[in-house]
Number of protein chains: 2
Amino acid sequence: MQLVFDDSYFMRKALEEAEYAFEKGEIPVGVVVVIDQQIIARGHNLTELLNDVTAHAEMQAITAAANFLGGKYLKGCTMYVTLEPCQMCAGALYWSQISNLVFAATDPDRGYRKMGTRLHPKTKVTSGIMENEASALLKRFFIEKRNLN
Amino acid sequence: MQLVFDDSYFMRKALEEAEYAFEKGEIPVGVVVVIDQQIIARGHNLTELLNDVTAHAEMQAITAAANFLGGKYLKGCTMYVTLEPCQMCAGALYWSQISNLVFAATDPDRGYRKMGTRLHPKTKVTSGIMENEASALLKRFFIEKRNLN
């Protein structure tokens with residue numbers, strides 16, 4: 001039997017991270033960074049707990065992945081993230097020269113595509129992997145938050 | 001006698017930070033964040049030393065200023081930075097809702113204006129303060145770097 005590590009497998013790991021964020025009262029966004037079928041960084045949104053707008057899941061994972069690799073460029077890496085990155089995170093991915101970006105749910109308001117943020121020319125983008133699961137988690141978060149306020 | 005704390009005063013402090021970066025072999029960009037005439041955060045580019053593309057001066061200062069204030073929004077704050085911010089840093093400033101951004105040198109290639117990055121609607125922008133000094137420092141860095149390689 002061969003284990004299949006496909007985009008859905010890794011996006012499921014990113015969704016687990018998003019669930020950790022949810023449990024902490026954070027907007028549920030999670031990420032993993034993968035190289036050669038190995039997860040080298042994980043992260044979830046911590047902007048509220050850390051009181052820091054820069055503490056998006058992707059930013060933490062970029063720093064962690066570079067730390068693991070011992071170099072600041074993420075060539076050969078794939079980022080799996082449950083929500084389309086914002087301007088800041090896409091701008092960080094631009095500098096990282098990451099090879100692949102895979103995201104689940106789209107962000108029609110503040111996503112990098114709507115905002116016109118440029119990724120690195122070498123970065124290939126795949127979207128929609130486990131989109132329904134990621135969107136459902138985000139919707140559940142905002143419904144619960146609305147009901148609490 | 002009254003001490004004058006004007007834009008040039010604070011930009012000079014940002015330039016001091018840029019010089020620290022220069023001495024460490026980093027692209028010389030420096031920043032201070034000010035509220036009520038008080039510097040609450042300083043930073044300089046550390047991408048090489050930290051092996052981290054997210055370690056721009058602005059990102060560190062946004063985190064430090066929020067830490068000082070005990071909240072993630074930088075309302076009432078002014079960031080003085082010696083180079084026009086990139087997409088990532090402008091994207092972080094967007095989330096921070098900072099009141100004022102003052103930068104010295106422009107970055108016609110990778111600056112946020114060329115890239116079309118959106119700042120928060122409440123953020124007022126001033127540019128060109130001590131532009132010559134900031135540009136001269138950057139030029140000196142790249143000339144020295146070229147001669148070393």
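Which residues in α5(B) do Leu15(B), Ala18(B), Glu19(B) and Phe22(B) in α1(B) meet? They meet Glu133(B), Ala134(B), Leu137(B), Arg140(B), Phe141(B) and Glu144(B). This is a predicted model, in which local features need pLDDT of at least 70, side-chain atom pairs count only at pLDDT 80 or more, and totals for chains, interfaces and linings use all residues. Residues are numbered from 1 along each chain as its sequence is written, chains are lettered from A and ligands numbered from 1 in the order in which they are written, and side-chain values use heavy atoms, with hydrogens and water left out.

**Helix packing**

- Two packed helices are described by the angle between their axes and the distance between the axes.
- Helices here are DSSP runs of H or I with at least four residues, strands are DSSP runs of E with at least two, and both are numbered from the N terminus.
- In chain B, helix α1 (residues 7-23) packs on helix α5 (residues 131-148) at an angle of about 5°, and the axes lie 11 Å apart.
- Axes are lines fitted to C-alpha atoms, for helices over the stretch in contact, and angles run from 0 to 180 degrees between N-to-C directions.
- α1(B) is therefore roughly parallel to α5(B) (angles under 35 degrees count as roughly parallel, over 145 as roughly antiparallel, 65 to 115 as roughly perpendicular and the rest as oblique).
- By class, the contact of α1(B) with α5(B) has six nonpolar, no polar and four charged residues.
- Contact means heavy atoms within 4.5 Å.
- For the classes, Ala, Val, Leu, Ile, Met, Phe, Trp, Tyr, Cys and Pro count as nonpolar, Asp, Glu, Lys and Arg as charged, and the others, Gly among them, as polar.
- In chain A, helix α1 (residues 7-23) and helix α5 (residues 131-148) pack at about 5°, with axes 11 Å apart.
- α1(A) and α5(A) are therefore roughly parallel to each other.
- On the α1(A) side, the contact uses Leu15(A), Ala18(A), Glu19(A) and Phe22(A).
- The α5(A) side includes Leu137(A), Arg140(A) and Phe141(A).
- This contact of α1(A) with α5(A) counts six nonpolar, no polar and four charged residues.

**Sheet of chain B**

- Strands of a sheet pair through backbone hydrogen bonds, either parallel or antiparallel.
- Five strands of chain B form an open sheet with mixed pairing, in the order β2-β1-β3-β4-β5.
- Two strands pair if DSSP finds at least two bridges between them.
- β2 (38-44) and β5 (124-127) of chain B are the edge strands, and each pairs on one side only.
- From one strand to the next, the twist averages 15°.
- β1 (residues 30-35) and β2(B) run antiparallel and are joined by six bridges.
- Gly30(B) stands opposite His44(B) in β2(B).
- The hairpin of β1(B) and β2(B) has two residues between the strands, and Asp36(B) takes a positive phi near 50° there.
- β4 (residues 100-105) of chain B pairs with β5(B) in the parallel sense, over four bridges.
- Asn100(B) has Lys124(B) as its bridge partner in β5(B).

**Sheet of chain A**

- Chain A has an open sheet of five strands, ordered β2-β1-β3-β4-β5, with mixed pairing.
- Its edge strands are β2 (38-44) and β5 (124-127) of chain A, each pairing on one side only.
- Neighbouring strands are turned by 15° against each other on average, direction ignored.
- Six bridges link β1(A) and β2(A), which run antiparallel.
- Val31(A) stands opposite Gly43(A) in β2(A).
- In the hairpin of β1(A) and β2(A), with two residues between the strands, Asp36(A) takes a positive phi near 50°.
- β4 (residues 100-105) of chain A runs parallel to β5(A), joined by four bridges.
- Val102(A) has Thr126(A) as its bridge partner in β5(A).
- Helix α2 (residues 57-69) of chain A lies across β1 (30-35), β2 and β3 (77-83) of chain A, and runs at about 145° to β2(A).

**Interface of chains A and B**

- 28 residues of chain B are in contact with 28 residues of chain A.
- The two chains bury about 2600 Å² between them, 58% of it on carbon and sulfur atoms.
- Buried area is the accessible area (1.4 Å probe) that two parts lose on being put together, summed over both.
- In chain B, Val53(B), Lys72(B) and Trp95(B) lose the most area to chain A, together 27% of what that side buries.

**Salt bridges**

- The structure holds seven salt bridges over all chains (a side-chain nitrogen of Lys or Arg within 4 Å of a carboxyl oxygen of Asp or Glu).
- Two salt bridges are found across the interface of chain B and chain A.
- Glu48(B) forms a salt bridge with Lys72(A), and the closest N and O atoms are 2.6 Å apart.
- This pair crosses between chains, from the loop between β2 and α2 (57-69) of chain B to the loop between α2 and β3 of chain A.
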